[in-house]
Amino acid sequence: MFKGSANVGSGEHFMLVYNNGGDMNGSTNKDRTNYFERLPSNQLDLALFLESDRMRALDITKDNLQNQISTVKEERRQSVDNQAYGKTMEMFDDVAYENPNYKHSVIGSMADLDAATVEDVQGFFRTYYAPNNAALVIVGDVKPAECLAKIRQYFEVIPSQPAPPEPDMTEPAQAKEKRLTIEDPLARATRIDIGYHIPSAASPDFDALSVLSSVLSSGTSSRFTQTIVRQKQLALQTFAGPMESRGPGLFRAIGILPPGKSAGDLEAAIYEEFEKVKTGTIEDWEIEKAQNSARRSYLSGLTSSLQRAVVMSQYAVYYNDPNLINTRLDRLMAVTAADVQRVAVKYLTPENRTVVITVPKPAAATKGGE
Amino acid sequence: MLKRTLTSAAFVLLALTVTTAQAPVTQGMSPTKGVVIKGKAPVSDTVLKVVLPKAQHADLANGVHLIVLEDHRVPQVSIQIQMRGAGGYYDPADMPGLASITAAMVSEGTKTRTSQQIATELDRLAANAGAGTASSSETTVLSMGAMTEHLDKVLDIATDMLLNPTFPDQELARYKTRMKGNLVQQRAQPAYLAQEAYGRVVFGTHPAGRMMTAEALDKITRDAIVNFHATRYAPDYAYIGVTGDVTLADIKKRLETKLARWTKKGLPQLSVADPDAIGPARVTLIDRPGSVQTNLIVGTQMINRTSPDYDVARLADTIIGGGPSGRLFLNLREDKGYTYGAYSRMTTLRYRGDWSASAEVRTEVTEPALTEMMKEIARMRDERIPDKEFADKKRSLVASFALSLESPGAILSDYIVSYIYKLPADYWDKYPARVMAITQDQVQAVAKKYLDASRLQIVAVGDGKKIAEGLKKFGKVETFDAEGKAIRQ
């Protein structure tokens, strides 16, 4: 997407953005792809020209594709293949999901990447990068009427395409626990990944699961940190929380084992904390913490134009509701301790879970020493 | 937005866009590899007027200097108490890591609060407070952030951590155990192994090259921590930076109340030493069997923050490796497809810092990638930068400075830099003009002076069996395993 379009040379897009003091990038997850840039406000025309030219006439050639396949392969090596636990994330979704849309890795395997043809990319681009399938958000020091007129000027000439097929966003109910052990030659410590199927982030249950995440693993005061990391010393790091997904989601828990401790003990300690949520008391301060934390991150997000644009575009594309940026906080503030217990009971069940344990497998190393 | 809310402060207008002709450049004539310029996109050459918000200065009753940058857009406040003299740089030679542990332990209990009470109260308010430092740093920073409505409560906890920590034995033991586990865990990361080796070859035994080890952790006692805190958490050379929804008068009064007991301790005059002159060019290989990429770093010592070469060096760094429009990225990624990204960076402190270029490349192209990195460094020394590229990069530096003004934290950092290095009061006002006045000859002279091939250190972390041979072309290779132990050749 940065290798040129009808009126923009290969690499010229990011040269123009950076040379005028801006920055830019793009990202892809299972549900959507976005592209964004920040520029001084007097370069609004430049940004609209660059984005509209590539939406209208991206230059997809064999050479460009080959270069980008190499780049994505390096991205894959850097973020997956050369990292401890890099394969764990991919394997986890592969095991946990039945729905192929959510099962497969976003970056793809080396074989997937090699198999991509110019025709594949052109077809995908035509359907999914069409104006009728996109949302454009601009935040900053612009005059709305003038800005809208410019957007029309640059984008209205781009023809719509037949709407893409609705993706399958169903996931069959899981009947029993799934479990897998992976050996990882790059890892130094055993890691446990646990996941439970949960509904879309549009569901009100997602807000209660977000508060559950705060109770379990947000900050030093959290139950995982106080009990599992500090008192029992069964983990170096822990995490628990829902993954935001437009379709079927997962509530994930992760723990990394210190040297000399048992993975079974860590797994049991995690379940014990889940049970305490289901049957014990959630303190007022724990709810207050989740509410304050949601408020503070909302306020912090307001200070960044880019952050606001990214969030609104995502809400527009996922739920056709960019105004969620103004109302989501209210939903979180309404969550009660009873809601948190209800979703813990409903989703954190043995039959609904997937467990992947990653154990270090030392490679045949060259021996050190003088 | 920023402009509207800050009009009350005294300000200076900066002309941030520099007119450059946008004449179309013929395809294929691009001065930079990997890029084709069609020159059809509309680039504004209007002069963008941006206000540089002004920080306010004051001194607290105990002599601590206060720098405040008001920002009333949202009800939040951030405060950093910077204690010069308490950083990792001042670790006793036989106890590396002491400053760092002391900083971590101030959150672990005070005379009136347990570790858990501190954590619970801060998290309940969605606030943060804690101290930290690095082995290269002269300062320990106690930082805190909160919504304005909770400022008083959070300031109370943070100043309690500063003045009354108790360093409980049990918490210290737990901390050491966790740290040891994390030290093992870090060795799984190739980037960590690369930084560890790089610090050693570029800075030698200087604090800037030190890393925490399990053995060093064992030596650190509670008595040493208590003593370090008692003598070095002093207001003598401290300063405080504040940004957010407060006024100078209000925050000054609050800080004077909470820090009334924090009085000077008579710390001796502080001074820092430069690292020893860097040795001859060397190649250091960290063998990480199974690696599918090689982490490459090429670097050397460069300048301190007050060097007259600073602005020119910053521009040179932007040209070679500043983001995706830098030469390293365009060559190694866009042209060759060797890597996901290639960049450079420089660090400048009170003592002589460093400059380095880095990339993570697939194992098979380690040697050609390193050849290209060395070529790009040589080009900076040996070739005049083409006019258009040079004008673009200057505009890029100046205009990105304008965009950084969206973040009050970034502006405050700029003002802290000008305060601690005693730079002129109008230093940042004149920054764009200074950058625009730099010439190609100056950049080339700086590259020649500092990026001398005979002093460039190469560090490679990767699969030794596959890359050692290729590395030999760049000099004598010293090999270590992932534990940092030398491997006999």
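User: How many salt bridges are counted between chain B and chain A?

Analyst: The model is predicted, and a salt bridge here needs a side-chain nitrogen of Lys or Arg within 4 Å of a carboxyl oxygen of Asp or Glu. Glu288(A) and Arg124(B) form such a pair, with their closest N and O atoms 2.5 Å apart. Between chain B and chain A the count is eight salt bridges.

User: Which helix of chain B supplies the largest share of the side that touches chain A?

Analyst: Contact between the chains takes 85 residues from chain B and 82 residues from chain A. There are also 39 residue pairs in polar contact between chain B and chain A, both at pLDDT 80 or more. On the side of chain B, the largest share is eight residues, and the element that gives them is helix 5 (residues 169–186).

User: What area is buried between domain 1 and domain 2 of chain A?

Analyst: The domain assignment places domain 1 at 12–155 and domain 2 at 178–360 of chain A. Their contact takes 25 residues from domain 1 and 36 residues from domain 2. Carbon and sulfur atoms give 69% of the buried area, which is about 2600 Å².

User: Which residue of chain A meets Glu98(A) in a salt bridge?

Analyst: Between domain 1 and domain 2 of chain A, the count is one salt bridge. The side chain of Glu98(A) takes part in a salt bridge of 2.7 Å, N to O. The partner is Lys178(A).

User: Which helix gives the most to the side of domain 1 of chain A that touches domain 2?

Analyst: Across this interface, 12 residue pairs are in polar contact, both at pLDDT 80 or more. Strand 2 (33–38) and helix 4 (86–96) each supply at least two residues of the domain 1 side. With eight residues, the element that gives the most is helix 4 of chain A.

Conventions:
Residues are numbered from 1 along each chain as its sequence is written. Chains are lettered from A and ligands numbered from 1 in the order in which they are written. This is a predicted model: local features need pLDDT of at least 70, side-chain atom pairs count only at pLDDT 80 or more; totals for chains, interfaces and linings use all residues. Side-chain values use heavy atoms; hydrogens and water are left out. Domain bounds come from an automatic or database domain assignment. Contact means heavy atoms within 4.5 Å. Buried area is the accessible area (1.4 Å probe) that two parts lose on being put together, summed over both. A polar contact is a pair of N or O atoms within 3.5 Å; within protein, one must be able to donate a hydrogen and the other to accept it, and residues adjacent in sequence count only if both atoms are side-chain atoms. Helices (H or I, at least four residues) and strands (E, at least two) are DSSP runs, numbered from the N terminus.
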